[in-house]
Protein chains: 2
Amino acid sequence: MTADRVSARTDPDPEAAREAVADGTAREAVVTVFGRCEVEYDGRASSYLGPGDRLVVLKPDGTLLVHTEEQRTPVNWQPPGSEHEATVEDDSLVVTGVRESPDERIVVRFADVHQVSTLAMADERDLELVGTEADLKQHLLDDPDRIEEGFRPLATERETPAGAVDIYGEDADGDPVVVELKRRRVGPDAVGQLDRYVTALDRDLHADATVRGILVAPSVTDRAAALLDEHGLSFVSVDPAADLDAPRAE
Amino acid sequence: MTADRVSARTDPDPEAAREAVADGTAREAVVTVFGRCEVEYDGRASSYLGPGDRLVVLKPDGTLLVHTEEQRTPVNWQPPGSEHEATVEDDSLVVTGVRESPDERIVVRFADVHQVSTLAMADERDLELVGTEADLKQHLLDDPDRIEEGFRPLATERETPAGAVDIYGEDADGDPVVVELKRRRVGPDAVGQLDRYVTALDRDLHADATVRGILVAPSVTDRAAALLDEHGLSFVSVDPAADLDAPRAE
DNA sequence: CGATGGATATCGCAC
DNA sequence: GTGCGATGTCCATCG
């Protein structure tokens, strides 16, 4: 039934492994190679990984992953857009991934191939993700009083010389307000971001009014709180989990 | 020879698949499951991924990856430290990954399992990576004139109320200098970082001398350059590739 | 193509 | 455990 979708070979000799990889690649399948290998990488940085057992995944979009038995992040990789090639050198399977811009190359040399599989995938479903900063923004626009009593949003992604502001609006007194949103606890970087926007907008609007800055996030670190104070910026706490559990705005 | 290291089953029924996954997990092997599945995730955010073919990887450290035929980043995942479980519900294989702190859960429900493999890995080799910011720092400490004629480094990771400074030293006039390093082209964020250090150190040393700030990187964006100017900070260009190609300092 | 900033970022280190 | 910053970050969006 699914035999044409999957092919698996255990302990292939190098030439058989090369053929399986080349076949799978040509058929736009995902190819996995499990075996003992060394990995060399050269590009934005350079690396060498000595011999060990790893799982190598080749995707038809040019992605190449080298996974060890630990970590979420691959120990070596090539991003989408690379060209894969499988050859036999010195009686060893060698898988190469090359891309340009930036110029990068990864070479995986197998001392032993324990398994090669080719997996023909059909997948057109997109991920539906909830709880991002964009979702938080929408909830706050639906109920601006959560930011501040009387706050009126006027624009999102408003452009300033320092970049785009998450939410731009006016407070109860009609003074301009810049709101920077974060979906999780923030450190000094977010304060710097907000301060850049406030400073830029202050200059843009010149002396019409003083621009206020509000950082909206679940919480802030001590250092961030000190920086907020130093720059005369405000902080408003929001619980993003509340929006996750109760997406309806009453 | 390596038959005990690899086990592969094609088109297993749900119970056989569950057993294979449970077996591999118990033996601390890496387990791959290829099949048509739905994925639900709930934790820091929430997501739903409709039916499609994906490659699921379970690592003995608790990592769980769900890969589609595209992208370097898994469409869904669980970081190391999760607990894996395989069950059969409604005649379907269900793989669950749960972790605490943060409280997160991923559920992969298979409509069809095309292949299950268990891969016993032996890997004690660490990655040797060259071309990081730490490498760049070492090269600059070996030849401080690359930063500025007469610059003398006094400390690395010097602590300030705003965080640790990459390189702290004195210029030819004996005035204090803060150096912030980046291994690639930088934007406004790095300028903010440098400015926080300079401001904090200026305050710390009070009126003894004016602290200078130097951003050392391959290049800067226009916005970053404007910010540097605005804050009276300097920029020095370095080519990290030069260090990569010629690690010997002349 | 570069610039900018988000991410379920992950990861390592210092406290 | 939290805080902080680097990452071969990756990635989408927008100009």
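D126(B) reaches across to the other chain: leaving aside neighbours within four places in sequence, D126(B) is in contact with Y48(A) and L49(A) (contact means heavy atoms within 4.5 Å). This is a predicted model, in which local features need pLDDT of at least 70, side-chain atom pairs count only at pLDDT 80 or more, and totals for chains, interfaces and linings use all residues. Residues are numbered from 1 along each chain as its sequence is written, chains are lettered from A and ligands numbered from 1 in the order in which they are written, and side-chain values use heavy atoms, with hydrogens and water left out.

**D126(B) in its chain**

- D126(B) sits in the loop between β8 and β9 (127-130) of chain B. Helices (H or I, at least four residues) and strands (E, at least two) are DSSP runs, numbered from the N terminus.
- D126(B) counts as exposed because its relative accessibility is 61%. Exposed means over 50% relative accessible area, buried under 20%, and partly exposed in between (1.4 Å probe, protein chains only).
- L194(B) is 68 residues away from D126(B) along the chain, and their C-alpha atoms are separated by 33 Å.

**The interface**

- In total, 69 residues of chain B are in contact with 70 residues of chain A.
- In chain B, E69(B), R72(B) and M121(B) lose the most area to chain A. Together they give 14% of what that side buries.
- The area buried between the two chains is about 5900 Å², and carbon and sulfur atoms give 53% of that. Buried area is the accessible area (1.4 Å probe) that two parts lose on being put together, summed over both.
- The copies meet through the same surface, because 100% of the interface residues of chain B are also interface residues in chain A.

**Symmetry**

- Chain B superposes on chain A by a rotation of 180° with 0.1 Å of shift along its axis, at an RMSD of 0.1 Å. The two copies are therefore related as by a two-fold rotation axis.
- G192(B) comes closest to the rotation axis among the residues of chain B, with its C-alpha at 3.0 Å.

**Nonpolar core**

- The largest nonpolar core has 23 residues. Such a core is a set of buried Ala, Val, Leu, Ile, Met, Phe, Trp, Tyr and Cys residues joined through side-chain atoms within 4.5 Å.
- V21(B), V33(B), V66(B), L93(B), V108(B), F110(B) and V116(B) touch the most other members.
- At least two core residues come from each of α1 (14-26), β2 (30-42), β3 (46-58), β4 (64-67), β7 (92-99) and β8 (104-119) of chain B.
- Beyond its neighbours within four places in sequence, V33(B) has contacts that include V21(B), L55(B), L93(B) and F110(B).

**Charges over rings**

- R72(A) lies over the face of W77(B), 4.5 Å from the ring centre. A charge sits over a ring if NZ of Lys or CZ of Arg is within 6 Å of the ring centre and within 35 degrees of the ring normal.
- Within chain A, the charged end of R158(A) sits over the ring of Y168(A), 4.6 Å from its centre.

**Backbone exceptions**

- Most residues other than glycine have a negative phi, and most peptide bonds are trans.
- D90(A) has a positive phi of about 55°. D90(A) lies in the loop between β6 (83-89) and β7 of chain A.
- S101(A) has a positive phi near 60°, and a cis peptide bond joins S101(A) to P102(A).
- In chain B, the peptide bond from S101(B) to P102(B) is cis, with omega near 0°.

Key. Copies are superposed by least squares on the C-alpha atoms of residues with pLDDT of at least 70 in both.
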